[in-house]
Amino acid sequence: MRINRSAILAILALGCGAGRDSGVAPVPDVRRVQTDGGTWTVSYVPDPDPIPGNQEFALDITVADDAGPASGTTIVLTADMPDHGHGMNQTPALTGSDGAFRAEGMLFHMTGRWRLLVDVTGDAGIETAEMWISCCE
């Protein structure tokens, strides 16, 4: 029996997308995005920069609205690797308020694409900022 290599490669390529939550390729390494409802802008600065592989680092996170730092906001921060089906191995400590936060004890234990989700709560309700980080060379 003759094997059609093109057909096998096409089938394998289709299977590589399984497990992703959308068909849209994320833009990697954008450090400033709007929340899904458009109320706030969320940005981060890693410490150290660039983010080290399999070593702890911190993120300084800013939440702002049209007037500047968003007072009265709180955040919940998570990070995962949807392509691999797992999150971080440890939970970072989150401090701060009124639009200025710091997450210490972040750890990306694998090289690849990490998704950072920041849930912002304020007077407008809860909205999410999604950022993708390519880590770590």
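**Exercise 1: The largest pocket**

The largest pocket in this predicted model has a volume of about 170 Å³. Determine which residues lie closest to its centre and which strands contribute to the lining.

Solution. Begin with the centre: twelve residues line the largest pocket, and D29, R31, P50, I51 and S134 are the closest to its centre. Next, consider the strands: β2 (41-47) and β10 (125-135) each supply at least two residues of the lining. Of these contributions, that of β10 is the greatest, with three residues. Finally, classify the lining: seven residues are nonpolar, one is polar and four are charged.

**Exercise 2: The setting of D80**

Decide whether D80 is buried or exposed, and list its contacts beyond the neighbours within four places in sequence.

Solution. First, locate the residue: D80 belongs to strand β5 (residues 74-81). Its relative accessibility is 18%, and because buried means under 20%, D80 counts as buried. Then set aside the neighbours within four places in sequence; D80 is in contact with H86, G87, R113, W114 and R115.

**Exercise 3: The largest nonpolar core**

Identify the residues with the most contacts inside the largest nonpolar core, and the strands that each supply at least two of its residues.

Solution. The largest nonpolar core has 28 residues, and I61, M106, F108, L116 and V118 have the most contacts inside it. At least two residues of this core come from each of β2, β3 (57-65), β5, β8 (100-106), β9 (112-122) and β10.

Methods:
Residues are numbered from 1 along each chain as its sequence is written. This is a predicted model: local features need pLDDT of at least 70, side-chain atom pairs count only at pLDDT 80 or more; totals for chains, interfaces and linings use all residues. Side-chain values use heavy atoms; hydrogens and water are left out. On a 1 Å grid over the protein atoms alone, a cavity is a set of points where a 1.4 Å probe fits but cannot get out, and a pocket is an open set with protein on both sides within 12 Å along at least five of seven lines; lining residues have an atom within 4 Å of a point. Grid points are joined across faces, edges and corners, and a volume is the space filled by probe spheres set on the points. Helices (H or I, at least four residues) and strands (E, at least two) are DSSP runs, numbered from the N terminus. Ala, Val, Leu, Ile, Met, Phe, Trp, Tyr, Cys and Pro count as nonpolar, Asp, Glu, Lys and Arg as charged, and the others, Gly among them, as polar. Buried means under 20% relative accessible area, exposed over 50%, partly exposed in between (1.4 Å probe, protein chains only). Contact means heavy atoms within 4.5 Å. A nonpolar core is a set of buried Ala, Val, Leu, Ile, Met, Phe, Trp, Tyr and Cys residues joined through side-chain atoms within 4.5 Å.
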